[in-house]
Amino acid sequence: MTGLALTAVAAPARRREKRPGHGWLLLPPVLVLLGFFGYPLVLVVLQSLESKTGEFGLSVWLDVLGSAEFRDAAWKTVALALGATAGCVVLGTFLALVIAFVPFPGARTLSRLVDTVLAFPSFLIALAFTFIYGSAGILGAGGFLYSPFGILLAEITFYTPFVMRPALAAFGQVSSAQMEVAASLGAKPGRVLRQVILPEALPSLASGACLTMLLAMNEFGIVLFLGAKDVTTLPMLVYGKGIVTFDFPQACVIAVVNVVFSLALYGTYRRLTKGGQRAAVDQA
Amino acid sequence: MLLWTRRSRVLLWAVFAVLFTAIVLAPLLMIVLASVAGNWTGLLPGALTGSHFARALSGETFASLSVSIQTGVIASLVSVLLGTWAALASQSAPSKLRKAVDTLFHLPIAVPSVVLGLAMLVAFSRPPLAFNGTRWIVLLGHVMILLPFSYSTVSAAIARMDPLLAQAAASLGASPVRVLLRVRLPVLLPSISASASLALAMSMGELGATMMLYPPDWRTLPASIFALTDRGQVFLASASTVLLLAVTLAGVVILGLARGRAAQR
């Protein structure tokens, strides 16, 4: 998942050449994808429609959707993802603003460090947090880490670089002449920020936020490692039902719900990145 | 420069330093410190030791490291091969087919890795393909997770590529295979290698699908690190994490060097 932020660099407009079609060349990779990705997902949907006695129907769906456990997990997943996204956007925008517009020696190195952090596994943050905020950690914060807020803080920490990267790229494209004109006409820094910088960076920030929300919603490593007793998210529930209690039909129902949430966000993300690219091309 | 007075700038930098330290530097520093800590009750570790690394480099964790490296290398190779193939082939396909393939190859991004793991468990525990419980299911899971990223990196590079190069070669009489081998692939090599580094880093750190799929004899290092943390062996877990990062970084650097050479030619 982390790769999304690294591959999400805007591609310039394509120049297309007309050539005869060789669609059949696509067959091998497409077959692999359909066989090992499409076929398993179809089976998940089918399995979710199969009751314990082997009948076809919606009984498992009704069971799961009505259970307090599922509702609680769905609500916690969405709330955590929203909270993490909000936190990351605020923090990431601030950090990127300082690096881009109030630079200091070494700022470039720091922004390269941010790129490296993007490739790290998320459980690293969870593990590090046990040393900082855990019950025996240096801050001696007690039970905080194993509450929803501990997970929220870990997700914000891990995903802030995912907002910083597109924000830095967008801020790099704001023309300094425009800012200087605004400033020379008497605009205070706050006004330059609100009326010159942020409007220009908005599409990138929105797609970064969308990406963060998608990743935070599907986050597994942090929640698993922190192992908070009363915090279960949808991916954790899928894991619990699938591996711990071996209740495949229920796990499949939750998995389908999770995929639907995630597809909706991903669709929005794709639309935002395309819109952002178009805007950039229009301005050029 | 957005701020003009020195005082406001210094104030802003101070806030920045605190936040950046908490978010980016502290977690890294903590893991590294913990990996060499003999005991840790105060602000700093009480004693430094290399014994965690010695233990991480022997027995079970070392076996896991080797599993992770094998999984990472094989899964990255396969996904880069398939992704490059799909990206190149879709370029010469009719436009409707190309769009469909593009969507199809991006879809796995939207599926959480845990769900992918579950789906593979459901699908491959039954005939005709019942290889659940073998290492192959882990490898396949990793390939499916990496594939969309390999595809998307290479296909973005193809979009940036100058079509005139291939056209010129073709107009001079080079066969399509020769154009592919002598013009297109060399031009794409840097991005193919970039997609390989990305795939390697992702595979080495993959946890969601692996936790669902791994058989006892093919446990990757992240899964072992979780088992260690679960048993409370956090120092050994930290040393293993540092080891995982170091090996990943080494792999990425090696691929980067290969990229630099390719660019020089």
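Q: Two residues are in contact if their C-beta atoms, placed from the backbone, lie within 7 Å. With that in hand, how many residues of chain B are in contact with chain A?

A: One thing to keep in mind as we go: this is a predicted model. In general, the size of an interface is often given as the accessible area lost when the parts come together. Here we can count residues instead: 71 residues of chain B are in contact with 76 residues of chain A. On the chain B side, the largest share is 13 residues, and they come from helix α1 (residues 6-35) of chain B. Sorted by class, that side has 58 nonpolar, 11 polar and two charged residues.

Q: Which scores does the predictor give the complex, and what is the mean pLDDT of each chain?

A: The complex has an ipTM of 0.87 and a pTM of 0.88 from the predictor. For chain B the mean pLDDT is 89, with 97% of its residues at 70 or more. For chain A the mean is 84, and 86% of its residues reach 70 or more.

Q: Where in chain A does pLDDT stay under 50?

A: Here is the general idea: where pLDDT is low, the predicted coordinates should not be read in detail. In chain A, pLDDT stays under 50 over residues 9-18, a stretch with 12 contacts beyond four places in sequence in the model. Over residues 278-284 of chain A the pLDDT is also below 50, and that stretch has three contacts beyond near neighbours in sequence.

Q: Is Ala201(B) buried or exposed?

A: The approach is to count neighbours: a residue is buried if 20 or more other C-beta atoms lie within 10 Å of its own. Ala201(B) is buried because 27 other C-beta atoms lie within 10 Å. This alanine lies in helix α8 (residues 176-205) of chain B. Setting aside neighbours within four places in sequence, Ala201(B) is in contact with Ala119(A), Thr248(B) and Val252(B). Its C-alpha is 9.8 Å from that of Leu244(B), which is 43 residues apart in sequence.

Q: What does Leu139(B) count as by its C-beta neighbours?

A: Leu139(B), in helix α6 of chain B, counts as partly exposed because it has 19 C-beta neighbours inside 10 Å. Not counting residues up to four places away in sequence, Leu139(B) touches Thr71(B), Ile74(B) and Ala75(B). The C-alpha atoms of Leu139(B) and Leu236(B), 97 residues apart along the chain, are separated by 26 Å.

Q: Where does α9(A) bend?

A: Begin with the distance between the helix ends. Helix α9 (residues 189-217) of chain A has 29 residues, yet its end C-alpha atoms are only 35 Å apart, short of the 42 Å that a straight helix would reach. The bend, about 55 degrees, is at Leu202(A), and a proline, Pro203(A), follows within four residues.

Q: Which residues does the cis peptide bond in chain B join, and which residue has a positive phi although it is not a glycine?

A: The cis peptide bond joins Pro127(B) and Pro128(B), with omega about 10 degrees; Pro128(B) is found in the loop between α5 (113-123) and α6 (135-160) of chain B. Phe246(A) has a positive phi of about 55 degrees although it is not a glycine. This phenylalanine is in the loop between α11 (234-244) and α12 (248-283) of chain A. Phe246(A) is exposed, with 9 other C-beta atoms within 10 Å.

Methods: Residues numbered from 1 in each chain as written. Chains lettered and ligands numbered in written order. Predicted model: local features only at pLDDT ≥ 70, side-chain atom pairs only at ≥ 80, totals over all residues. Helix = DSSP H or I, 4+ residues; strand = E, 2+ residues; numbered from the N terminus. Nonpolar A, V, L, I, M, F, W, Y, C, P; charged D, E, K, R; others polar. Buried ≥ 20, exposed ≤ 12 C-beta atoms within 10 Å, placed from the backbone. Expected span 1.5 Å × (residues − 1). Bend = angle between axes of the 7 residues up to and from the residue. pLDDT = per-residue confidence, 0-100.
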